[in-house]
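This report looks at selected features of a predicted model.

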Amino acid sequence: MKAIRRFTVRPVLPDPLRPLSDLARNLRWSWHTETRELFQSIDPAGWQASGEDPVRLLGSVSAARLAELAEDPRFLRQLQTAADDLAEYLHGSRWYQTQGEHAGGELPRALAYFSPEFGVTAALPQYSGGLGILAGDHLKAASDLGVPLIGVGLLYRHGYFRQSLSRDGWQQEHYPVLDPNELPVSLLREDDGTPCQISLALPGGRALRAHVWIARVGRVPLLMLDSDVEENGPGERDVTDRLYGGGSEHRLLQEMLLGIGGVRAVRAYCRRTGHPEPEVFHTNEGHAGFLGLERIRELGEQGLDFDSALESVRAGTVFTTHTPVPAGIDRFDRELVAHHFGHDGELPGVDVERVLRLGMETYPGGEPNLFNMAVMGMRLAQRANGVSTLHGSVSRQMFSGLWPGFDPDEVPITSVTNGVHAPTWVAPEVVRLGARQIGARRTEDALSVGGSSRWDAVADIPDAEVWELRRALRENLVGEVRSRLRASWLQRGAVDAELGWIDGVLDPDVLTIGFARRVPSYKRLTLMLRDRDRLMELLLHPERPIQIVVAGKAHPADDGGKRLVQELVRFADDPRVRHRIVFLPDYGMRMAQKLYPGCDVWLNNPLRPLEACGTSGMKAALNGCLNLSVLDGWWDEWFEPDFGWAIPTADGLATDEDRRDDLEANALYDLIEQRVAPRFYEKGREQLPDRWIEMVRQTLTTLGPKLLAGRMVREYVERLYAPAARAHRALNPEAARELAGWKARVRAAWAGVAVDHVEAVAATAVNGTAELGSTLSLRVRVGLGDLGPDDVEVQAVAGRVDSQDRITGAQGFPLKPAAGPDLEGRWTYEGPLALDRTGSYGYTVRVLPAHRLLASGAETGLVVLPTEATGEGAGVLMR
């Protein structure tokens, strides 16, 4: 029989145990080992059965057991210690509070961080992959550092799908219903106890309403909007049904609720709790881009016109792009967006044409009828970044159409390389080893706050202890794999009698390689299968065998990805190798926390440069796992032979996919066979693999501190949040009107700006050459039309030149007005250009708009360069 109604019966905790409720409801337990161990001690079997979720655990503990614990002095002492530690963590001064005046101005009083998904803990399954895990790590690191952040997302009643396999290895999806009352969240309520409700207007007089659930991520509140409320119609109730599900209109409504509804939720939360209003809004990918429109609407109600409000909003907005491919960006039909922002839709005070103009791909190669969420994100943010140095470069190229006339290197998109939250991902055994070396508190600070460039204490850990730890972690993984593999085969229709072979799957003394991630085609799940005979030889090598653990989900609509999963599963099912290679379904945070520490090598073989960052390799490295990866994402930035191996790529053969994959797969096999496996099995002193252990040590000592989410969030604070807060404060209504009016005037007059003549004299130039250290005197005549010298900057731009005379590594040098206007209204600018490098060298001049409130010279996208006729014979080109 099926229940007609479901509800949650909460336990009544005896008074001495009341602190357990606070500990369970704050998600700090998910990364705080002592708190997790406290809950485990209540009922070890129940802890495992609950999925290591304290809220579910407390709901299943018997009244007799609770009464017993309430009389247990030892348990009560541990409980009080954990409660006191949480209170100190939540209210004590941390890194952010010690910064004071920073880089010329106060740090933001508060920030809002919007993301479509958050991977904080498996007990709150609101994530699908790297974007969500990164967002969860961002919140946790912000909490550790004391950054006054508010997270904003959606609460999906089905989360992302659960994955299982059919008998023939085809991915199957399941969507379990999540009851918020059984999750570690609470409703935001009004004074009278009723749930706070957010509402968006929909066409036809309808409304999309949502409640706001709060998850406590340490010091950080995470607000999640939930449209499954009784006042909504069936269609509106389903808006937050599942992550990345439904068609275009469904996704558009999700993103409107996230962006517009999210700002309204932040306002309600600050009103109800007294939390400071955010000065900076951070958009994690384009899904939340509509938040800028809501803030423009708010300012419009305060009397600011659209253009002035846009400048004010841009000043305080940071946009992070995570995709290196246009196909990874949400794009909507122009008419669909117009329908929802028309006269009877949302934001009635905002002209729908102005809304559309923010997202339209009005640049060469763009689709003029598509509304691009990332393009809107760029246009609504004064500061934007990619998530690794290489990805920043790829992003500048990908979005260069938004800044015509500028080289990609000058496109105002910087990069902050991702990091990972070490207390979440580092195995307790590794933490304990560090604590024995330097103490528990210093270890906790090193992993969470960071700040040091090296972890030199690792050098003092004896080789035998390092190797013993690595073997113990590998043994833990072997047990986890066998348990999960048995459960998977039973789901696939097998019976216990035919699964005896699983007891021999994997060997704790064999070199273990891990590969786990989402399964889009560019990540190349099956590159390892390119030459199956050769892979079999590596798996079954009599002296230096390897074993591989694979996991990953394909998007439910991606049949191509599902075929890759099936191909890998069928190979792993082969009785000849199934003890050496396994595929584990339902990859998620709980599996990952066992997988990363237990692997010796982490494999990553995407198509370069399509991996924006690739944080799974970071999590593995923090546990002493070595990386074997294509030079993409963060590995391109920080690879050294001390930390692992770089898989050579055949980038020049990108047009021939088969040839490229063959070459890169062969390079992978060669590396494993000739360098990786021999080093793992090569014994030195005391029968230990000394050279392997030294690589583990170097990974932890030198690479470890760079990989921390604490380092990442500190960079965001110093390089993006603090400047955005200063810009936001500078853009008061009067300044915003001034900047908007100035931009309008400059755009209207820009057609009248021209470089008319360029002269250059080098004192020692002979036949087109000049000596190092000499100076080039430039004299430039420009026409400014209706603009004046205060509206522009005239620059010389110089650097090395390639064979097509393109300037690389360009530097700009401002020229100063020397005379003008003449009878023709022309101005003369002059200045020196120091020749400070040898080799091929060239220069040009240009005119840019200039205003004290611009974040960069490229911000307006306007630039004037000399014509070929203007520049001809206008100086020397040094070679």
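## Arginine 264 and its surroundings

The side chains of arginine 264 and glutamate 294 are joined by a polar contact of 3.0 Å. Arginine 264 belongs to helix 9, which spans residues 248–273, and with a relative accessible area of 17% this arginine is buried, because the cut-off for that class is under 20%. When neighbours within four places in sequence are left aside, the residues in contact with arginine 264 are Ile198, Ser199, Leu200, Glu294, Arg297, Glu346 and Leu347.

Six strands form an open sheet with parallel pairing, in the order 19-18-17-20-21-22. Strand 19 (581–584) and strand 22 (644–647) are the edge strands, each pairing on one side only, and from one strand to the next the twist averages 20°. Helix 21 (residues 559–572) packs on this sheet, where it touches strand 18 (546–551) and strand 19, and the direction of the helix makes about 135° with that of strand 19.

Within the sheet, strand 20 (residues 601–604) pairs with strand 21 (residues 626–630) in the parallel sense over four bridges, and tryptophan 602 stands opposite asparagine 627 of strand 21.

## Nonpolar cores

The largest nonpolar core comprises 105 residues, and those with the most contacts inside it are Leu511, Met528, Ile548, Leu628, Trp645 and Trp692. Helix 25 (residues 657–681) gives the most to this core, contributing ten residues. Because domain 2 (107–163 + 184–333 + 373–419 + 721–730) and domain 3 (450–701) both give residues to this core, it lies between them.

Leucine 511, not counting residues up to four places away in sequence, touches Pro545, Ile546, Gln547, Asp600, Val601, Val676, Ala677, Phe680, Tyr681 and Trp692. Another core, of 99 residues, lies apart from the largest one and has Leu200, Ala210, Trp742 and Ala760 among its members.

## Backbone details in loops

Most residues other than glycine have a negative phi, and most peptide bonds are trans. The peptide bond from arginine 608 to proline 609, however, is cis, with omega near 5°, and proline 609 is placed in the loop between strand 20 and helix 23 (616–621).

Leucine 506, although not a glycine, has a positive phi of about 65°; this leucine lies in the loop between helix 19 (463–491) and strand 17 (511–516) and is buried, with a relative accessible area of 3%. Glutamine 687, also not a glycine, has a positive phi of about 60° and lies in the loop between helix 25 and helix 26 (690–703), where glutamine 687 counts as exposed at 57% relative accessibility.

Definitions and conventions. Residues are numbered from 1 along each chain as its sequence is written. This is a predicted model: local features need pLDDT of at least 70, side-chain atom pairs count only at pLDDT 80 or more; totals for chains, interfaces and linings use all residues. Side-chain values use heavy atoms; hydrogens and water are left out. Two strands pair if DSSP finds at least two bridges between them. Helices (H or I, at least four residues) and strands (E, at least two) are DSSP runs, numbered from the N terminus. Axes are lines fitted to C-alpha atoms, for helices over the stretch in contact, and angles run from 0 to 180 degrees between N-to-C directions. Contact means heavy atoms within 4.5 Å. A nonpolar core is a set of buried Ala, Val, Leu, Ile, Met, Phe, Trp, Tyr and Cys residues joined through side-chain atoms within 4.5 Å. Buried means under 20% relative accessible area, exposed over 50%, partly exposed in between (1.4 Å probe, protein chains only). Domain bounds come from an automatic or database domain assignment. A polar contact is a pair of N or O atoms within 3.5 Å; within protein, one must be able to donate a hydrogen and the other to accept it, and residues adjacent in sequence count only if both atoms are side-chain atoms.
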